[in-house]
Structures are given as structure tokens and as C-alpha cells.
Amino acid sequence: MQRTHYLLLALALLGARAEAENHVTGNIGFMSDYFFRGIEQSSSTANGGIDWENSGFYAGTWLADVDDGIEYDLYAGYSGSFGEFGYTIGYTGYFYSDSFDDTNNEGNLLLSWRFIDLEYSRGRWDGFGDEQDYNFFAAQVGWEGLYLKYGLFSDDFDGSYWQGGYERTVGDFDTALYLVYQDDDLGPDSNEMNLVFEISYGFDIFGGGGD
């Protein structure tokens with residue numbers, strides 16, 4: 001089983017916070033090693049996407065170069081908040097142009113409070129004709145750019161991982177440096193520590209003029 005990047009946490013922070021209607025943004029980036037939920041996808045990758053937001057509703061797509069073809073993700077949902085509590089309810093689909101992996105479809109629930117983020121996703125992997133269902137749970141704590149995350153699979157998939165590092169905005173660029181430690185059944189490099197660097201640039205395409 002393969003996966004994408006740290007998309008869902010970004011959606012939890014992204015969804016309902018734009019005040020302008022029909023806000024469309026774009027992003028481009030690079031990862032020195034492409035991990036998603038503790039699973040390595042590619043030794044490095046260029047990526048980019050487009051997102052639309054309106055009154056808490058969001059939809060978008062994200063593409064990445066993988067070892068065999070292109071991964072393209074489609075997602076949509078709604079984000080909101082009650083005081084310091086935030087939530088996101090949505091759908092994410094992971095698709096591939098070639099035989100690198102098969103389609104995954106997920107329902108996603110994300111909750112946040114101050115420095116804590118929680119995620120539960122229920123998904124189905126097409127499995128090249130052998131469908132499998134899975135649960136994914138994650139908890140993350142962060143402070144001043146530092147964060148630590150634990151993720152766990154259950155049902156037809158097993159495995160867990162730790163990820164921790166530092167995120168910082170430098171000029172117009174978002175950067176991140178973090179370690180990923182795989183455990184159990186998450187791939188041939190399980191029980192090894194991997195260092196990853198990411199850089200991305202986001203920009204307005206339409207809207208965003210709510211000031």
C-alpha cells in the first residue's frame with residue numbers, strides 16, 4: 001500500500017479560514033524523500049496543486065511525481081470551528097496514472113484544539129482487484145514550529161510510525177525538516193530513521209481579497 005503526503009493536516013488548517021468567497025490558490029513544492037503516513041512513496045518528488053475555498057467548503061487537487069507515473073489526489077469537504085476547537089469533514093481520493101499503486105478512497109475527520117490535532121480516516125484500497133478496508137488514526141502536538149506525530153493503521157492494514165520535526169516560513173516559502181520512523185509492517189525500511197526536507201510555495205490565483 002502506498003500513499004500521498006501530509007495533505008490532510010494542511011486541509012485541517014486550510015479549509016475554513018479564508019474570508020473571501022471563491023478563493024483559489026496554488027502551490028508548488030519539492031520533497032527530498034516522499035513519505036506519507038510513514039510509508040515511502042519515492043526517493044524525491046516535485047509536486048503541486050490547486051485549492052478552492054468558499055465559506056468553509058473546500059475542494060482541490062494535488063499531483064506528485066512518483067517512481068512510476070503521476071499520483072493525483074482529489075479532495076473536498078467542509079471545515080469549521082467552535083471557539084478554539086476546529087474540525088474538518090471530507091473525502092480524499094488517491095489515484096495513479098500508471099501501475100505504481102491502485103486507487104484509495106477515504107472519508108476523513110480531523111479535529112484540532114490549540115496545539116493538538118487528531119485525525120481519523122476510513123478508507124478502501126482497490127488492491128488491483130483485491131479490495132481491502134483500513135482505519136487510520138493520528139495524533140499530533142506542536143509548538144512554535146516544532147511538532148511530533150504518531151500514526152496507526154488497523155483493520156486489513158497494520159503498522160505505525162512516528163514523525164517529528166520543525167516547520168518554518170522563510171520569506172515566501174514554507175520549509176520543513178523532519179524525521180520519520182517506521183514500525184511494524186509499513187515497508188522494507190521499517191525500523192529505520194529517515195530524514196526529510198520539504199519546501200513549498202503558495203500563491204493566490206483568484207480571490208483572497210477579503211482584507
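Modeller: One term first: buried means under 20% relative accessible area, exposed over 50%, and partly exposed in between (1.4 Å probe, protein chains only). The model is predicted, so local features need pLDDT of at least 70 and side-chain atom pairs pLDDT 80 or more, while totals for chains, interfaces and linings use all residues. Residues are numbered from 1 along each chain as its sequence is written, and side-chain values use heavy atoms, without hydrogens and water.

Colleague: Is Asp155 buried or partly exposed?

Modeller: The relative accessibility of Asp155 is 42%. Buried would need a value under 20%, and exposed one over 50%. Asp155 therefore counts as partly exposed.

Colleague: How many strands are there in the protein?

Modeller: Helices (H or I, at least four residues) and strands (E, at least two) are DSSP runs, numbered from the N terminus. Besides one helix, the protein has strands numbering 14.

Colleague: What share of the residues of the protein counts as buried?

Modeller: The protein has 211 residues. Its accessible surface, by the Shrake-Rupley method with a 1.4 Å probe and, for residues, only the protein chains shown as cover, comes to about 10,600 Å². The residues that count as buried make up 45%.

Colleague: Which salt bridge partner does Glu106 meet?

Modeller: A salt bridge puts a side-chain nitrogen of Lys or Arg within 4 Å of a carboxyl oxygen of Asp or Glu. The structure holds six. For Glu106 the N to O distance is 2.6 Å, and the partner is Arg37.

Colleague: How many residues apart are Glu106 and Arg37?

Modeller: Glu106 lies in strand β8 (residues 104-113), and Arg37 in the loop between β2 and β3 (39-42). At 3% relative accessibility Glu106 is buried, and at 4% so is Arg37. The pair links distant parts of the chain, with a separation in residues of 69.

Colleague: Which residue is linked with Arg37 and Glu106 in a network of salt bridges?

Modeller: Arg37 and Glu106 already meet through their side chains. The network takes in one further residue, Glu119.

Colleague: Over the face of which residue does Arg37 lie?

Modeller: A charge sits over a ring if NZ of Lys or CZ of Arg is within 6 Å of the ring centre and within 35 degrees of the ring normal. Arg37 is 4.2 Å from the ring centre of Phe136. The face in question is that of Phe136.

Colleague: What is the N to O distance between Arg122 and Asp155?

Modeller: Arg122 lies in strand β9 (residues 116-125) and Asp155 in strand β11 (residues 146-155), so the pair ties together parts 33 residues apart in sequence. Arg122 is partly exposed, at 34% relative accessibility. The side chains meet in a salt bridge with an N to O distance of 2.8 Å.

Colleague: Why is the pair of Tyr34 and Trp62 given its class?

Modeller: Rings of Phe, Tyr and Trp (its six-membered ring) pair if their centres lie within 6.5 Å; planes under 30 degrees apart count as stacked, over 60 as edge-to-face and the rest as tilted. The count by this rule is 19 aromatic pairs. The centres of Tyr34 and Trp62 are 6.0 Å apart with planes at 65°, so the class is edge-to-face.

Colleague: In which strand does Trp62 lie?

Modeller: Both Tyr34 and Trp62 are buried. Tyr34 is in strand β2 (residues 34-36), and the pair ties together parts 28 residues apart in sequence, because Trp62 is in strand β5 (residues 57-65).

Colleague: What is the angle between the planes of Tyr96 and Phe100?

Modeller: Tyr96 is buried at 10% relative accessibility, and Phe100 at 16%. The rings form a tilted pair, 5.9 Å centre to centre, with the planes at 45°.

Colleague: Which strand gives the most to the nonpolar patch?

Modeller: Patches are made of residues with over 30% relative accessible area and no salt bridge; like charges are joined within 9 Å, nonpolar side chains (Val, Leu, Ile, Met, Phe, Trp, Tyr) within 5 Å. Ile28, Ile50, Phe203, Ile205 and Phe206 form this one, with about 470 Å² of accessible area together. Three of the residues come from strand β14 (residues 193-206), so named β14.

Colleague: How far apart in space are Thr25 and Ile205?

Modeller: Thr25 lies in strand β1 (residues 23-31) and touches Ile205, among others (contact means heavy atoms within 4.5 Å). Thr25 is buried at 14%, whereas Ile205 is partly exposed at 47%. They are 180 residues apart in sequence, yet C-alpha to C-alpha the distance is 5.1 Å.

Conventions:
Lists of a residue's contacts leave out its neighbours within four places in sequence.
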